[in-house]
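Biologist: I'm new to reading protein models. Could you walk me through one, feature by feature?

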Amino acid sequence: MPVPKSEFENLPPCDFYTPAELLEDDQMYTVYEIARLLQGLEPDADIDRETEDILLDWAIPWIMTNADDLVVAEPRDEDEPGYYGLKE
């Protein structure tokens, strides 16, 4: 059910980091690490699985929206996720 805006004290703009603001030029990141970075956490921050699932809901569309600015690396082995980095 919609809620009136007047019920909220603060309504900042819905701005997201650009890939260049979020990622280091010489590093590759998993979607899990990107999810943490988007929330201002360290890429290796210890978070519970439920929180990680919620953060992934933000990270996956961010990756898709910014795909033109990213490169992709296949997993190095079977049980590892893929990696994303800045396109040079």
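Predicted model: local features only at pLDDT ≥ 70, side-chain atom pairs only at ≥ 80, totals over all residues.

Biologist: Which residues of the largest nonpolar core touch the most other members?

Modeller: Here's the general idea: in soluble globular proteins, nonpolar side chains tend to be buried together. In this model the largest nonpolar core has 15 residues, and those touching the most other members are Leu22, Leu23, Ile34, Leu38, Ala59, Trp62 and Ile63. Helices α2 and α3 (49–65) each supply at least two residues of this core.

Biologist: How many residues of α2 are buried?

Modeller: To judge that, you need a cut-off: buried means under 20% relative accessible area. Six of the eight residues of α2 pass, so α2 is largely enclosed by the rest of the structure. The buried ones are Val31, Ile34, Ala35, Arg36, Leu37 and Leu38.

Biologist: What covers the buried residues of α2?

Modeller: The cover includes α1, α3 and β2 (83–86).

Biologist: Now aromatic rings. Which residues form an aromatic pair?

Modeller: For ring pairs, you look at the distance between centres and the angle between planes. The count here comes to one aromatic pair. Phe16 and Trp58 form that pair, with 5.5 Å centre to centre and 50° between the planes, which makes it tilted. Phe16 lies in the segment before α1 and Trp58 in helix α3, so the pair ties together parts that are 42 residues apart in sequence.

Biologist: How accessible are those two?

Modeller: Phe16 counts as partly exposed, at 44% relative accessibility. Trp58 is also partly exposed, at 42%.

Biologist: Last one: which residues form a nonpolar patch on the surface?

Modeller: Val3, Phe8 and Leu11 do, and together they have about 300 Å² of accessible area. Take Leu11 as an example: it sits in the segment before α1 (19–22). Because its relative accessibility is 53%, Leu11 counts as exposed.

Terms used. Residues numbered from 1 in each chain as written. Heavy atoms only, no water. Patch = residues over 30% accessible without salt bridge, like charges linked within 9 Å, V, L, I, M, F, W, Y side chains within 5 Å. Areas by Shrake-Rupley, 256 points an atom, 1.4 Å probe, with all protein chains shown as cover. Salt bridge = Lys/Arg side-chain N within 4 Å of Asp/Glu carboxyl O. Helix = DSSP H or I, 4+ residues; strand = E, 2+ residues; numbered from the N terminus. Buried < 20%, exposed > 50% of the residue type's maximum accessible area, 1.4 Å probe, protein only. Core = buried A, V, L, I, M, F, W, Y, C linked by side-chain atoms within 4.5 Å. Phe/Tyr/Trp six-rings, centres within 6.5 Å; stacked < 30°, edge-to-face > 60°. Contact = heavy atoms within 4.5 Å.
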